[in-house]
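Please look over the sequence and the model shown here before reading the report.

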Amino acid sequence: MYTVHAMSCIFCKIIDGEIPSTAVHKDELIYAFTDIDPKAPVHVLIVPRQHIRSLDETDASTRALLGHLMWTATEIARQKGLGDGYRVVVNTGEKGGQSVDHLHLHLLGGRQLAWPPG
């Protein structure tokens, strides 16, 4: 059951199909789609179907989900031909750069990525 916050969450609406997106991967736990404002030639958002506000709100009960998110990022990178390098980013909280209050991974690749990132 969704909370009031989850009902207004843009990622929950994308997962539910209320907002259109370009799907890259779907399974029972995760929905991955292309970012509408890409920061690299490949920029995929990997989102758990379960509404979790941030990485900071995870616990032992979400351990398997966290592993599945990372595994999915790796599989998508392979499918996209990013064997020469890519980055997986999780922004957490306002000071960490998180702009949507729903846990998500950014998969970035397809060009040389600079360091430090920001």
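The report below takes up the sheet, then a helix, then a pocket.

This is a predicted model, in which local features need pLDDT of at least 70 and side-chain atom pairs count only at pLDDT 80 or more, while totals for chains, interfaces and linings use all residues. Residues are numbered from 1 along each chain as its sequence is written, and side-chain values use heavy atoms, with hydrogens and water left out.

Five strands make up an open sheet, ordered β1-β2-β3-β5-β4 with antiparallel pairing; strands (E, at least two residues) and helices (H or I, at least four) are DSSP runs numbered from the N terminus, and two strands pair if DSSP finds at least two bridges between them. Because β1 (23–26) and β4 stand at the edges with a single partner strand each, one side of each has no neighbour in the sheet. From one strand to the next, the twist averages 15 degrees. Three bridges join β1 and β2 in the antiparallel sense, and K26 stands opposite Y31 in β2.

Helix α3 (residues 63–79) lies across β1, β2, β3, β4 and β5 and runs at about 155 degrees to β3; axes are lines fitted to C-alpha atoms, for helices over the stretch in contact (heavy atoms within 4.5 Å), with angles from 0 to 180 degrees between N-to-C directions.

The largest pocket holds about 770 Å³ of space, and D35, K39, H43, N91 and H106 lie nearest its centre among 34 lining residues. A pocket is an open set of points on a 1 Å grid over the protein atoms alone, where a 1.4 Å probe fits, with protein on both sides within 12 Å along at least five of seven lines; lining residues have an atom within 4 Å of a point. The volume is the space filled by probe spheres set on the points.

| Element supplying at least two lining residues | Residues |
|---|---|
| α2 | residues 10–15 |
| β2 | residues 30–34 |
| β3 | residues 42–48 |
| β4 | residues 86–89 |
| β5 | residues 105–109 |
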